[in-house]
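Subject: Structure for your review

Dear colleague,

Please find below the structure I am handing over to you. My findings follow it.

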Amino acid sequence: MKIVVCIKQVPDTKGGVKFNPDGTLDRGAMLTIMNPDDKAGLEAALRLKDQYGAEVTVLTMGLPKAEEVLREAMAMGADKGILVTDRVLGGADTWATSTTLAGALRNIDYDLIITGRQAIDGDTAQVGPQISEHLDIPVISYAQDIKIEGDSVIVERQYEDRYHVVKAKMPCLITALSELNEPRYMTPGGIFDAYKEEITVWGRADLKDVDDANLGLKGSPTKIAKASDKVRKGAGEKVTLDPDEAVSYIVDKLKEKHVI
Amino acid sequence: MNLEEYKGVYVFAQQVDNEISSIALELLGKAKDLAKDLNTDVTAMLLGSGVKGLADQLAEYGADKVIVVDDPELKEYRTEPYAHALSSIINQYKPEIVLVGATAIGRDLGPRVSARVATGLTADCTVLEIGDFPLQAIPGQEQLHNQLLMTRPAFGGNTIATIACPYNRPQMATVRAGVMQKIEPIKGAKAVVEEFNPGFTPDNKYVEILEVVKAVTDTVDIMDAKILVSGGRGVGTPENFKILEDLAEVLGGTVSCSRAVVDAGWKPRDLQVGQTGKTVRPNVYFAIGISGAIQHVAGMEESDIIVAINKDEDAPIFDVADYGIVGDLNKIVPKLTESLKAAIAAAK
Amino acid sequence: MDFTLSKEHEMVRSLFKEFAEKEVKPLAQEVDETETFPRATVEKMAKNGFLGIPVPKEYGGQGCDPLTYAMCVEELSKVCGTTGVIVSAHTSLCCDPIQTYGTEEQKQKYLIPLAKGEKLGAFGLTEPGAGTDAQGQQTKAVLDGDEWVLNGSKCFITNGKEADVYVIFAITGVVEKRGRLSKEISAFIVEKGTPGFTFGTKENKMGIRGSSTYELIFTDCRIPKDNLLGQKGKGFAIAMHTLDGGRIGIAAQALGLAEGALETTIEYVKERKQFGRAIGAFQNTQFQLADMATKVEAAKMLVYKAAMKKAEYATNPKVSYSTEAAMAKLYAAEVAMEVTTKAVQLHGGYGYIREYDVERMMRDAKITEIYEGTSEVQRMVISGALLK
């Protein structure tokens with residue numbers, strides 16, 4: 001079985017958030033980690049590898065620096081790493097990102113594609129289902145459990161108040177929840193080995209069946225009109241009021257914030 | 001793509017077990033505002049099996065028109081038949097705006113459909129309005145009017161972005177539950193109901209549902225709670241936590257506490273917030289009678305909104321609180337509970 | 001001379017850091033308070049390969065360099081001195097001598113499970129009457145047919161009751177050296193559960209309270225003849241060589257404790273307010289922190305240099321890292337004591353309270369000036385090399 005896990009290097013939100021003048025994120029300036037849902041997806045793939053035997057390839061799109069996250073995945077046990085990086089791919093929204101990744105995936109032999117449900121920078125949860133659409137394969141989002149049965153996967157698909165046990169024929173795409181598992185750590189020796197491996201680097205020219213009009217900032221249908229740093233937590237308002245006034249003060253604030 | 005062809009505000013009227021989800025009604029409320037600004041009308045897209053009867057309810061909540069796709073293939077939610085139905089409607093009717101709830105269904109359906117109809121999708125919006133893109137006129141770039149401006153938090157709430165989809169149609173957004181307001185239902189309101197059959201040809205993308213397991217809710221982990229009502233030593237006695245529990249119940253929240261409370265044996269350790277307890281990040285954190293030692297603050301400072309009530313005006317908790325109230329918790333909290341109860345009942 | 005860590009070392013540090021923060025730190029206070037050996041943590045470390053970092057892959061280890069190993073002990077010790085020393089004693093004092101002096105059979109039988117973390121190791125040299133004076137050993141081993149018979153006791157043994165494999169030193173005879181009689185010491189591998197091998201008192205310690213420190217007692221304890229480690233009579237050299245490596249581990253532990261205290265204090269002084277200002281705004285605080293950080297950095301250079309010297313030894317056994325290891329341990333231990341003490345002082349009254357980590361770190365730091373050669377012994381080693 002061949003599994004491809006799509007992973008993303010994301011800014012560690014604890015390190016603070018920085019922007020370019022054009023409103024897009026200045027990813028170069030932030031500390032980075034492997035996106036947690038993607039890590040759960042990778043762990044799920046590695047468990048399938050342990051259990052059924054599989055070749056696990058990790059695929060990422062990003063700056064050249066994103067190579068680190070592939071090394072990390074390989075130090076956890078992934079077999080191969082592919083980095084898609086090209087200036088023309090920068091500033092992509094989910095549509096352009098999924099188009100790019102689908103273009104890369106068309107070059108790869110796979111039975112199963114696993115992505116994280118969503119990345120902690122964008123929180124959109126869109127790229128996985130959009131890739132599946134571009135590749136015309138079934139998608140099962142929000143997986144909380146994954147099993148293999150013959151040429152099919154059996155997945156517990158989570159909803160707010162229930163889950164469905166869903167069966168799909170491979171090839172298909174699954175989006176993983178970070179609740180799916182507790183990802184393993186890298187091993188010290190695995191890290192040194194991972195750095196000895198070759199990483200495949202692909203650019204625009206290596207993407208299969210994609211139109212330039214659908215790539216990068218230009219190919220992104222959604223445009224940022226305005227972006228701003230939310231005011232950092234610090235001392236807010238402090239009021240001394242009698243109880244009745246205090247209560248209406250709080251209720252007003254909660255209404256203002258749409259809590260109620 | 002001729003953008004002018006696309007007209008009307010469309011809402012995916014999510015139903016589960018043939019019951020309209022609350023988010024669908026919230027979206028209709030918002031859609032009505034947007035439609036007014038654009039001088040157009042509101043259409044609900046109702047997908048399911050045996051769901052036609054739900055159209056009236058959608059009308060009462062603001063739908064001018066309801067397009068119904070009624071087919072056994074749509075009984076339980078599955079990505080493919082739903083995506084097929086929704087994108088077929090979009091291709092047929094050409095709406096200018098499509099709103100979908102940011103639910104476990106909508107966040108799967110929305111992206112699949114947006115990719116199929118080749119347009120942008122903005123996720124988890126909290127504010128939707130009609131305006132210009134770019135916001136301010138820029139020399140050399142045409143400023144487009146009547147655009148859907150979609151505002152959403154990102155980076156776990158660290159940033160706010162406003163997004164437009166100026167050159168593609170429809171403009172699609174998923175919208176967070178609980179943010180938009182439903183309208184007062186108009187009793188007896190009727191919508192134009194139109195049935196639509198896109199035709200379903202099952203293939204390998206029609207996944208098989210082997211089992212539907214409805215969840216039994218067990219006690220909420222404080223780390224998962226959206227609202228935490230947290231008490232400290234200032235609450236005074238273990239019995240007095242009752243007033244915090246009442247407040248939590250009204251808001252659908254959970255009670256947590258500081259280390260001092262655990263050490264005093266008033267509450268179990270799994271409710272403790274702080275460095276030696278759990279790190280929490282709810283939407284709202286009430287710190288009641290908690291002084292705010294560093295150890296405690298480290299476990300809750302990432303909360304979206306922090307409301308602190310403490311009688312000591314120098315308590316360090318006020319340094320991290322968004323809203324700090326200096327006062328007697330015993331007087332404020334019970335009144336707050338009553339007041340919120342009334343406010344919530346009024347909103348329903 | 002290159003002061004930049006490789007990407008591999010950067011990543012391996014992030015691994016140890018993450019593990020320490022998630023798995024070790026939450027237990028540190030309880031481990032100390034209740035004097036509980038963190039067995040579950042040891043199992044997790046075993047699973048992740050932390051118990052065989054410098055051991056070659058063919059012997060079940062990770063095949064990494066001594067620097068990687070030192071960074072592991074350092075990061076663990078930043079949050080928990082107990083966990084740091086468990087790894088150090090296991091790796092430096094048990095895996096290392098078996099890897100260096102063991103026969104192929106001994107490596108197959110003992111090193112592989114040790115490196116995989118299936119078994120935990122310990123080292124028994126110190127006796128009640130033989131601390132710094134390691135020659136003052138009383139434990140004896142006598143060959144009786146195909147077995148060595150051990151009699152005597154060892155004290156202050158780290159991983160004491162929790163280990164499975166012990167490297168034990170004992171007198172195997174008396175030899176004449178330049179007209180004087182001196183004891184001939186040999187090293188042995190002893191397994192837990194061997195009849196005649198029992199445990200005495202558990203020590204109630206000032207610091208590293210979760211580490212299992214026990215007295216080992218040998219009463220007609222018979223072990224196979226083949227469990228002699230290295231050549232008969234070479235025990236003293238084996239012990240000294242092993243301790244050279246062990247000192248890098250303890251130096252890394254001390255470094256970690258100092259860094260942990262410094263980091264904790266930096267956070268604290270930003271938050272803690274007195275006279276309406278964060279105490280970090282006061283110049284005294286700033287200068288104290290500057291001195292602490294400078295010393296920590298200097299200690300780190302010495303520790304890493306010693307580790308790199310040991311790496312050189314791996315390819316060229318003529319290289320000695322004894323002086324570097326002694327300097328690293330001497331300096332890092334004294335810095336640990338100084339920095340943790342200052343950290344407590346900067347915390348004021350809170351620094352004296354158990355809830356605050358710096359209190360524990362200060363207690364943990366003290367032992368690093370004592371075990372695996374006191375600071376005085378390190379000075380002897382260093383000056384001995386100078387005046388050779």
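In what follows, helices (H or I, at least four residues) and strands (E, at least two) are DSSP runs, numbered from the N terminus. Please note that the model is predicted.

Chain B as a whole

On that basis, eight helices and 18 strands are found in chain B. The C-alpha trace of chain B spans about 65 × 55 × 40 Å along its principal axes. Of the 348 residues in chain B, 53% are buried. Among contacts in chain B with a separation of 6 or more, 64% are between residues 24 or more positions apart.

Helix H5 of chain B

Helix H5 of chain B covers residues 242-251, and its buried residues are Ile243(B), Leu244(B), Leu247(B), Ala248(B), Val250(B) and Leu251(B). Viewed down the axis of H5(B), these buried residues lie within an arc of 160°, so they line one face of the helix. What do the buried residues of H5(B) pack against? Their partners in chain B are strand E14 (227-231), strand E15 (254-257), strand E16 (284-288) and helix H8 (329-347). Just after H5(B) comes Gly252(B), which takes a positive phi of about 65°.

The contact between chains A and B

Between these two chains, 65 residues of chain A are in contact with 75 residues of chain B. Several elements of chain A each supply at least two residues of the side that touches chain B: helix H3 (94-105), helix H4 (127-135) and helix H6 (243-256), together with strand E7 (139-149), strand E9 (162-169), strand E12 (223-229) and strand E13 (237-240). By class, this side of chain A has 29 nonpolar, 17 polar and 19 charged residues.

A helix pair in chain C

Two packed helices are described by the angle between their axes and the distance between the axes. In chain C, helix H1 (residues 7-34) and helix H3 (residues 66-79) pack at an angle of about 30°, with axes 8 Å apart. As angles under 35 degrees count as roughly parallel, that makes H1(C) roughly parallel to H3(C). The crossing in which H1(C) passes H3(C) is right-handed. Residues of H1(C) that meet H3(C) include His9(C), Val12(C), Phe16(C), Ala20(C), Val24(C) and Ala28(C); on the side of H3(C), Leu67(C), Met71(C), Cys72(C), Leu76(C) and Val79(C) are among those involved. The residues of this contact divide into ten nonpolar, two polar and six charged.

Yours sincerely

Technical notes
Residues numbered from 1 in each chain as written. Chains lettered and ligands numbered in written order. Predicted model: local features only at pLDDT ≥ 70, side-chain atom pairs only at ≥ 80, totals over all residues. Axes fitted to C-alpha atoms, helices over the stretch in contact; angles between N-to-C directions. Parallel < 35°, antiparallel > 145°, perpendicular 65-115°, else oblique. Left-handed = near helix turned anticlockwise from the far one by under 90°. Contact = placed C-beta atoms within 7 Å. Nonpolar A, V, L, I, M, F, W, Y, C, P; charged D, E, K, R; others polar. Buried ≥ 20, exposed ≤ 12 C-beta atoms within 10 Å, placed from the backbone. Arc of directions from axis to C-beta.
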